[in-house]
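Please look over the structure shown here before reading on.

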Amino acid sequence: MNALSLSELQAVNSFAALPEAFYTRLAPRGLNNPRLLHANEQAAALIGLDPSVLTTPEFLQVFSGGQPLPGGDTLAAVYSGHQFGVWAGQLGDGRAHLLGEVQGPAGAWELQLKGSGMTPYSRMGDGRAVLRSSVREYLASEAMFGLGVPTTRALALVVSDDPVMRETVETAAIVTRMSPSFVRFGSFEHWSSRRQPDMLKTLADYVIDRYYPECRDVQTGNSASDTAPYVNLLREVTRRTALLMADWQAVGFCHGVMNTDNMSILGLTLDYGPYGFLDGFRLGHICNHSDAEGRYSWNRQPSVALWNLYRLGGSLHMLVQDADALRAVLDEFEAIFTRAFHDKMGAKMGLTAWRPEDEALLDDLLKLMDANQADFTLSWRRLADATQGQRSGFEDLFIDRPAAGAWLDRLLARHAQDGRPASETAAAMNGVNPLYVLRNHLAEEAIRAAKAGDASEIETLMKLLRNPFVAQDGFERYAGLPPDWAGEIEVSCSS
């Protein structure tokens, strides 16, 4: 497929073909005197866009909200949801506009502006996003992609001097997000809460037919066949969500605001707000300053995901009378998550295959890391060196060095049972234990530079985070322990 200009993109706009109750058509409110801070060539390639287009005035106008996407159908979607475990009622795209859907070389992608002005769903919000949160989201989605975690992507970051009031006066920005779909658990909750089964069925059928056609593969000629696709939909979303949680836990990612309206029906990491990658490890680490009760702490993410899936299952109960069938699907979550988590953590420890007795080995390491607040990323990364006799790098991360050394002896004994050469084990470990993650202080440095109009830190981080498992000469500080001031960084819902 040849690279395309904006006007040559193939628009499909499947969500916009749903009944108008699903959204409001309206134009975004563009930024004044917008400037392109950064554009992502790799994301552009997903929709077949020629890289030369990224620097054109037309590109800037579209992705600053000044002009519609050629062939697009701009709208803001409605949904509802539970926020921090409490029913919040109707929500929706309060500061986002779906420009349209584009058919790319490997599938269709919806293009959405975040921070593009008020919509009917803004409630008390101003419809804007600030520079700091936009830089964080732009970087985070690409960091997660580099780690192999299912995620939305980021195409462009546009900035302006327009003032935005938060705790202080900040400046506005718009980030362009890409996803096959932005449908959420809360999209289903919206119609079930309103007791509108026809609209719920329309949404479920749309999601199944467009994204999960295999859910239609059921036997006909029996009474169950009418509802089986919706049970199968819940099963597949449950599976994908369980695998996503295993990914998050394995890379030390905390989402920070796992409300049902922030949970993707496709099992993608969606809505990067007050997220964080773990530095000093705490089992109950809370990355969101607004999460006073720790509902979304690192160790609670899998259970919260299951809670959210129960809300989705409750919505589908309007279409599926057999509640036991839905519960049986939800009961599959724990086994799927546990198996995937063990496989990933076993690989991080350099094991060729997980054994039941490895549970104690993993638990004891996490407890040791928690007690010593050992750096999450470096603890795992330095294990590879320790397998080849260079133990000090790993042990230096622990205040209780004897305890770390004793645990390491147990791991090495376990490696001996596998019988794999140490060099092969170390190489395998370095292939799953990243050296570079988007630590808060690195994102903060990129934000500070961006405020001065300098995108060089964003560019550097994009290059490192796209290939986070391979050491790059000259970039040692990006793989080091966080500076003391990093502990003072607070992220919250006030973006």
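## Exposed and buried positions

At a relative accessibility of 79%, Asp484 counts as exposed, in a model that is predicted. Asp484 is found in the segment that comes after helix H17, which covers residues 456-465. His441 stands 43 residues away from Asp484 along the chain, and the C-alpha atoms of these two residues are separated by 9.8 Å.

| Residue | Relative accessible area | State |
|---|---|---|
| Asp261 | 7% | buried |
| Phe333 | 4% | buried |
| Phe337 | 13% | buried |
| Thr377 | 5% | buried |

## The annotated position

Which residue does UniProt list for "active site"? The unreviewed UniProt entry lists Asp261 under that name. Asp261 is placed in the loop between strand E12, residues 253-254, and strand E13, residues 276-277. Because its relative accessible area is 7%, which is under 20%, Asp261 counts as buried. When neighbours within four places in sequence are left aside, Asp261 is in contact with Tyr79, Ser80, His82, Gln83 and Leu91, and also with Arg184, Gly186 and Asp271.

## A buried threonine

Thr377 lies in helix H11, which runs over residues 376-381, and with a relative accessible area of 5% Thr377 is buried. Apart from neighbours within four places in sequence, Thr377 is in contact with Leu278, Pro434, Leu435, Val437 and Arg439.

A search of the whole structure finds 20 aromatic pairs. One of these pairs is formed by Phe333 and Phe337, whose ring centres are 6.3 Å apart and whose planes meet at 5°, so the pair is stacked. Phe333 and Phe337 both belong to helix H9, residues 333-348, where they are 4 residues apart, or about one turn of the helix. Both partners are buried, Phe333 with a relative accessible area of 4% and Phe337 with one of 13%.

Elsewhere, one aromatic cluster is formed by Trp248, Phe253, Tyr272, Tyr275 and Phe277.

## The chain as a whole

The protein chain holds 17 helices and 13 strands. Its radius of gyration is 23 Å, close to the 23 Å that the globule rule gives for 495 residues, so the protein chain is as compact as a globular protein of that length. Along its principal axes, the C-alpha trace spans about 65 × 65 × 45 Å.

What share of the 495 residues in the protein chain is buried? Buried residues make up 57% of them. Among the contacts between residues at least 6 apart in sequence, 73% join residues that are at least 24 apart. The protein chain exposes about 19,500 Å², and carbon and sulfur atoms supply 50% of that area.

Notes:
Residues are numbered from 1 along each chain as its sequence is written. This is a predicted model: local features need pLDDT of at least 70, side-chain atom pairs count only at pLDDT 80 or more; totals for chains, interfaces and linings use all residues. Side-chain values use heavy atoms; hydrogens and water are left out. UniProt positions are given in the numbering used here, feature names are shortened, and annotations may be inferred rather than shown by experiment. Helices (H or I, at least four residues) and strands (E, at least two) are DSSP runs, numbered from the N terminus. Buried means under 20% relative accessible area, exposed over 50%, partly exposed in between (1.4 Å probe, protein chains only). Contact means heavy atoms within 4.5 Å. Rings of Phe, Tyr and Trp (its six-membered ring) pair if their centres lie within 6.5 Å; planes under 30 degrees apart count as stacked, over 60 as edge-to-face and the rest as tilted. The radius of gyration is taken over C-alpha atoms; the globule rule is 2.2 Å times the number of residues to the power 0.38. Accessible areas come from the Shrake-Rupley method with a 1.4 Å probe; for residues, only the protein chains shown count as cover.
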